[in-house]
Amino acid sequence: MRFSFLPIVILMMPILEIAGFIIVGKAIGLWLTLALVLFTSFLGLLILRLGGIGMVRNLQDAGRTGAQPADELVNGAMRVVAGILLIVPGFITDILGLLLLSPAIRRFFWKAFGPRVVVSGSFRQSGPQTGDYSGFRNGPGAAGKSKVVDLDEEEFHREGSKGSPWSNRPDNRDLPKP
């Protein structure tokens, strides 16, 4: 059985945060400590708002170009975690949140934990696209798999079905009556 330090860190975090408040409060005073906590919470909200919009924009750009959006997803997720850590009152979480805002630290975390992450799914854009269609299932490049039947006007005719309520309507004159 593997031992994990995560529960210990989670249980010790409030004690460490209180100790951080005491140390910073003694160093800079009560009002500046409270102002700093409010400022970092506001900064966290701002990062969440702007980071979310930027992440959506970057994911859309990656989808349009057909690139794998894994890097954009990871960077965006780390920015979201950084914003949440900044919102939580406390100086240790603020330091961790500010560290996650650094691109070098994000790259380090991605190199450390990236091989454990599996991204699956199709990232192709639906709808009409330009470019090479050979990778699509029923596109022009898929030989023998197309469900499109190309008929001339004289080869096409409609047959009414006996149980259809639409075949006996007066506005459908081109349909033969059963």
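Colleague: Why does Thr33 count as buried?
Modeller: Buried means under 20% relative accessible area, exposed over 50% and partly exposed in between, with a 1.4 Å probe and protein chains only. Thr33 has 5% relative accessibility, so Thr33 counts as buried. A word on the source: this is a predicted model, where local features need pLDDT of at least 70, side-chain atom pairs count only at pLDDT 80 or more, and totals for chains, interfaces and linings use all residues. Residues are numbered from 1 along each chain as its sequence is written, and side-chain values use heavy atoms, leaving out hydrogens and water.

Colleague: Which residues does Thr33 touch, not counting residues up to four places away in sequence?
Modeller: With that exclusion, Thr33 touches Phe21, Val24, Gly25, Ile28 and Phe91; contact means heavy atoms within 4.5 Å. Thr33 itself lies in helix α2, residues 30-65 (helices are DSSP runs of H or I, at least four residues, numbered from the N terminus).

Colleague: Which residues of α4 are buried?
Modeller: Phe91, Thr93, Asp94, Gly97 and Leu100. Their cover includes α1, α2, α3 (70-87) and α5 (103-113).

Colleague: What makes up the lining of the largest pocket, by residue class?
Modeller: Six nonpolar residues, one polar and no charged. Ala, Val, Leu, Ile, Met, Phe, Trp, Tyr, Cys and Pro count as nonpolar, Asp, Glu, Lys and Arg as charged, and the others, Gly among them, as polar.

Colleague: Which helix gives the most to that lining?
Modeller: α1, with four residues.

Conventions: Helices (H or I, at least four residues) and strands (E, at least two) are DSSP runs, numbered from the N terminus.
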